[in-house]
Amino acid sequence: MVSKSQCSLYHCGGIVMILAAILAACAPAAGTATEVAPASEAPPAAPGRDPKTLVMAIYSNPSDLDPASNNEQLGNLVLDATTEGLVRARGENIEEFEPQLAERWEHNEDFTLWTFYLRHNAKFHDGSAVDAEAVKYSFTRLIDAGLGMSFILSQFISDPESQMVVVDPYTLEFRFESPTPLLINALSSGYGSYVVSPTTVKANEKEGDLGHEWMQTHEAGSGAYQLAEFSPNEQVVLTRFADWWGWDEGFHFEKIILKVVPEESARRSLIEKGDVDLTYEFSVENLEALQKNPDLVVSLAPGLALQYLVLGKYGPLEDARVRQAISYAFDYDGYVNGIYKGLYPRAVGVFPVNLKCHDPQAFVYTTDLEKARQLLEEAGIEPGLELRYVTEEGGPTSAGQVLQTQLAQIGINLKIEQMDSSSYVGIFYGDVEWPERPEIMAWTWWPDYNDPTDWAWILFHSAASGSSGANAGFYSNARADEIMDLAPAITDEAELCELYKEFQDIVIRQDPAWIPLIEPPDQAIFRKDIRGYQGNPLYRGTFDFYRLTRAGE
Amino acid sequence: MLLRRLVMMALVLVGITIITFLLSRVVPTDPARLIAGPRASAEGVAKVRHEYGLDLPLGQQYWRYMANLLDWNFGKSFHSLRPVAQDLADFLPATVELTLAALLFAVIVGNGIGVVSAVWRNSLADHLSRLVAIGGLSTPAFWLGILAQLLLYQRLGWLPFGGRHSDGVAMPPEITGLITVDSLLAGNWAALWDGLHHLLLPALVLGIEPMAVLARIMRTSMLEVMREQYILAARAKGLIERVVIWKHAIRNALLSVVTMIGLQIGYLLGGSILVETVFSWPGIGRYSARAIVTADYNAVMGVTLVVAAIYLATNFLVDMAYAWLDPRIRY
């Protein structure tokens with residue numbers, strides 16, 4: 001029989017062992033000084049590592065490499081390196097464009113005709129030339145496939161055969177019945193508008209699928225890097241494409257290894273130890289710690305993403321005053337400075353700050369519980385109202401908790417639920433009605449390109465409700481709809497932004513659709529010897545590997 | 001008896017497919033929307049639904065799935081967009097390698113600790129052994145794995161953070177998919193060393209709890225056996241203690257332990273999810289975790305079937321082992 005003292009010996013001993021291990025692991029490692037080392041003392045690549053190989057830790061496996069369907073950042077990370085579009089947003093700018101496969105372009109006065117002149121020396125990785133026929137094929141494929149990203153061009157082009165005209169081997173025209181000033185924006189998008197090799201795609205077509213099945217795990221691009229290895233859940237390896245048109249004499253990485261490291265703590269260990277050069281996707285707590293590491297550079301560049309709470313325009317929230325009351329109740333300071341430690345800026349209005357036509361004077365709610373109570377009283381809401389807040393796994397439950405605490409003070413009981421991704425997406429993008437449909441849901445969105453209508457229509461138009469778009473709150477406002485319907489034909493930016501100024505006031509103040517929370521920045525954490533990083537808000541989650549260099553090489 | 005056993009196993013697997021199929025369909029999910037993406041039109045989503053057969057009646061979906069199984073076709077994964085059979089072929093060897101290594105550690109160390117603990121009962125060795133066992137049972141593998149990485153990788157630099165192999169090490173030709181075995185077969189000692197180096201930490205972390213369980217079971221079993229009359233008789237005959245322990249005691253104590261080893265296979269396969277995530281080990285544990293949260297029906301069913309089949313086969317072998325251990329047991 002084990003005596004009481006022996007029993008406690010084991011348990012105490014076990015606790016001592018565990019504590020000792022914790023202390024050993026948490027003891028500061030040698031060399032982690034708090035002073036920031038000057039750039040000239042940037043540490044070299046870890047011993048045994050090839051300096052011409054860039055190693056990046058990514059959080060999950062890219063699952064879809066077909067530009068016609070990929071809607072994930074991870075797929076874009078690979079596509080951005082291996083494929084190209086006609087144009088690209090320049091540097092960190094989202095308003096200017098630089099040549100990619102197109103050397104130059106022009107349009108007529110009313111934007112009904114666009115002409116793109118392709119460079120003559122671009123080649124696909126299979127050796128075939130990038131010409132006007134290949135571009136036409138790629139965009140026709142994108143439209144005809146009818147998959148997730150088809151809308152990027154199908155919203156402008158209904159008849160690819162007549163609207164895309166090959167004038168000569170390196171000149172392609174786009175013809176429209178009505179002004180289409182946004183074509184260049186759509187062509188610069190990080191989604192859909194990539195040019196793929198007809199030779200390779202056609203050779204891998206199966207049962208009329210336009211090569212979709214093959215393209216999901218392969219690439220057929222012309223980019224600076226080509227896909228050398230795709231080991232699912234393990235790593236993706238890209239190698240330099242020697243015949244790429246854009247190489248110069250300077251240093252460029254020969255190989256890019258994207259290691260799949262799902263666990264955040266493991267990614268942090270790897271970047272701190274120098275076994276990877278670049279990584280991202282960290283929680284605020286880890287970001288704070290990484291910022292103190294003198295061997296690392298933590299970039300939190302303003303992006304175009306916006307985290308928000310949908311306020312469903314149905315049930316008890318149908319009355320705008322109730323939605324206004326909830327907006328006044330939220331503790332913005334607590335969320336931005338407490339939960340996110342001031343690292344993520346608060347959203348201003350329903351447009352990201354960097355989006356065209358964002359109104360910097362947009363109405364901003366303050367936390368005012370008294371005002372919230374008053375509005376609820378005016379709307380005839382009695383204390384004891386029950387609402388549901390639902391988010392997906394990994395989503396912002398903290399926002400729900402903040403809101404729950406605040407709403408309790410004005411007599412509203414908020415129940416918080418968390419669902420797996422598939423179930424949540426099924427509800428968010430589905431047609432289920434209230435009361436099965438939650439009153440409040442959390443989501444994050446970013447645009448396909450820099451245009452207010454691209455942003456607004458799918459999120460707020462009444463025709464985009466439920467399975468028709470991403471208007472999960474079934475928001476409907478006649479004047480807001482009217483603005484979104486008029487906007488695409490407006491070519492004068494000042495006029496466009498004036499309209500959208502009114503729109504933003506409607507959607508946030510008069511008839512709230514959301515509680516905008518924060519704008520998550522684009523994260524990039526890299527070793528100090530990695531230079532040249534230039535993020536662009538339009539290409540969230542990509543790193544333009546061509547521009548990266550290593551100090552001292 | 002063998003035929004009856006095999007038929008029973010097949011029926012169990014069919015039952016598992018029915019239960020898994022129904023459970024996955026009962027949850028209100030929309031994998032078609034998840035695959036098509038937020039920007040897809042209703043027509044685009046419908047297209048995806050049709051591609052994966054999700055627009056068919058439930059009965060027809062199940063029948064189609066079972067018919068395809070006869071061709072070893074597990075359907076296509078909604079997440080990886082590849083045939084599930086291909087995914088399983090890619091990821092299963094990694095989990096098998098990890099599980100076998102963890103099991104080897106658990107069996108050798110656990111039984112060793114249990115024997116030491118029983119033979120030198122109430123000694124310092126016994127107390128230390130039981131401390132290790134309780135520590136192993138009390139410590140969550142996920143937490144232990146992160147701690148081990150912090151200490152052994154980040155602070156001390158003794159072991160890699162995870163993954164199956166280092167960049168720059170030439171991999172052996174794939175025969176079994178187990179890097180250590182394939183390296184051994186190919187005589188690629190660099191790859192073998194590198195593979196063992198990567199396997200060590202995740203295998204230890206995964207194997208700690210089964211090791212602790214086996215240690216305690218072995219200790220209890222040994223203590224019971226050592227009280228038996230035949231042990232007393234063996235000592236009375238003048239046999240040296242080493243022979244008494246190894247030839248008489250351990251062999252009889254193993255019966256209970258062998259049962260537990262079979263059950264621990266289930267734990268190892270299920271517990272591999274967290275360990276594979278922490279150590280970026282590309283096995284079916286991580287694959288299945290992702291499949292569950294994305295309602296990847298085909299992947300979930302494929303993994304469940306394979307794991308169930310392994311579990312049934314293992315326990316069949318355990319039953320066969322009884323007959324070898326105890327000649328009185330005959331089937």
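**Group meeting: a predicted two-chain model**

Start with one pair: A:Glu392 stands opposite A:Met419 in E15 of chain A. This is a predicted model: local features need pLDDT of at least 70, side-chain atom pairs count only at pLDDT 80 or more, and totals for chains, interfaces and linings use all residues. Residues are numbered from 1 along each chain as its sequence is written, and chains are lettered from A and ligands numbered from 1 in the order in which they are written.

Back to that pair. Strand E14 of chain A, residues 385–392, and strand E15 of chain A, residues 412–419, pair in the parallel sense over eight bridges. Strands here are DSSP runs of E, at least two residues, and helices are DSSP runs of H or I, at least four residues, numbered from the N terminus. Two strands pair if DSSP finds at least two bridges between them.

How does the chain get from E14(A) to E15(A)? It goes through helix H14 of chain A, residues 397–408, and this β-α-β crossover is right-handed. Right-handed means this: with the strands pointing away from the viewer, the path from the first strand over the helix to the second runs clockwise.

E14(A) also pairs with strand E16 of chain A, residues 440–445. That pairing is parallel, over two bridges. A:Tyr389 has A:Ile440 in E16(A) as its bridge partner. E14(A) is mostly covered, with six of its eight residues buried. Buried means that 20 or more other C-beta atoms lie within 10 Å of the residue's own; exposed means 12 or fewer, partly exposed is in between, and C-beta atoms are placed from the backbone.

Next, the open sheet. Seven strands of chain A run in the order E8-E9-E10-E1-E11-E18-E12, with mixed pairing. Which strands are at the edges? They are E8(A), residues 225–231, and E12(A), residues 296–301, and each pairs on one side only. For E12(A), there is a pairing with strand E18 of chain A, residues 522–527, antiparallel, over six bridges. A:Val298 stands opposite A:Ile525 in E18(A).

Now a helix. H18 of chain A covers residues 493–510, which is 18 residues. From first C-alpha to last, H18(A) reaches 24 Å, close to the 26 Å expected at 1.5 Å a residue. The expected span is 1.5 Å times one less than the number of residues. Its buried residues are A:Leu496, A:Tyr500, A:Phe503, A:Gln504, A:Val507 and A:Ile508. Seen down the axis of H18(A), the buried residues fall within an arc of 110°, so they line one face of the helix. The arc is that of the directions from the helix axis to the C-beta atoms. On the other side of H18(A), A:Ala494 and A:Glu495 are exposed. What do the buried residues of H18(A) pack against? Helix H16, 452–460, and helix H17, 478–486, both of chain A.

Most residues other than glycine have a negative phi, and most peptide bonds are trans. A:Trp434 and A:Pro435 are joined by a cis peptide bond, with omega about 10°. A:Pro435 is in the loop between H15 and E16 of chain A. A:Glu207 has phi near 50°, a positive value in a residue other than glycine. A:Glu207 is in the loop between H7(A), 198–203, and H8(A), 212–215. Is A:Glu207 buried or exposed? A:Glu207 is exposed, with 5 other C-beta atoms within 10 Å. A:Phe474 has a positive phi too, about 55°, although it is not a glycine. A:Phe474 lies in the loop between H16 and H17 of chain A. With 19 C-beta neighbours inside 10 Å, A:Phe474 counts as partly exposed.

On to chain B. It has 13 helices and zero strands. Its C-alpha atoms fill a box of roughly 85 × 55 × 40 Å, taken along the principal axes. Of its 331 residues, 44% are buried. Among contacts in chain B with a separation of 6 or more, 69% join residues 24 or more positions apart. A contact means two C-beta atoms, placed from the backbone, within 7 Å.

Last, the interface. The contact takes 50 residues from chain A and 51 residues from chain B. On the side of chain A that touches chain B, the elements giving two or more residues are H1(A), 4–26, E10(A), 255–260, H9(A), 264–273, and H15(A), 421–428. H1(A) gives the largest share of that side, eleven residues. By class, that side of chain A has 22 nonpolar, 20 polar and eight charged residues. Nonpolar covers Ala, Val, Leu, Ile, Met, Phe, Trp, Tyr, Cys and Pro; charged covers Asp, Glu, Lys and Arg; the others, Gly among them, are polar.
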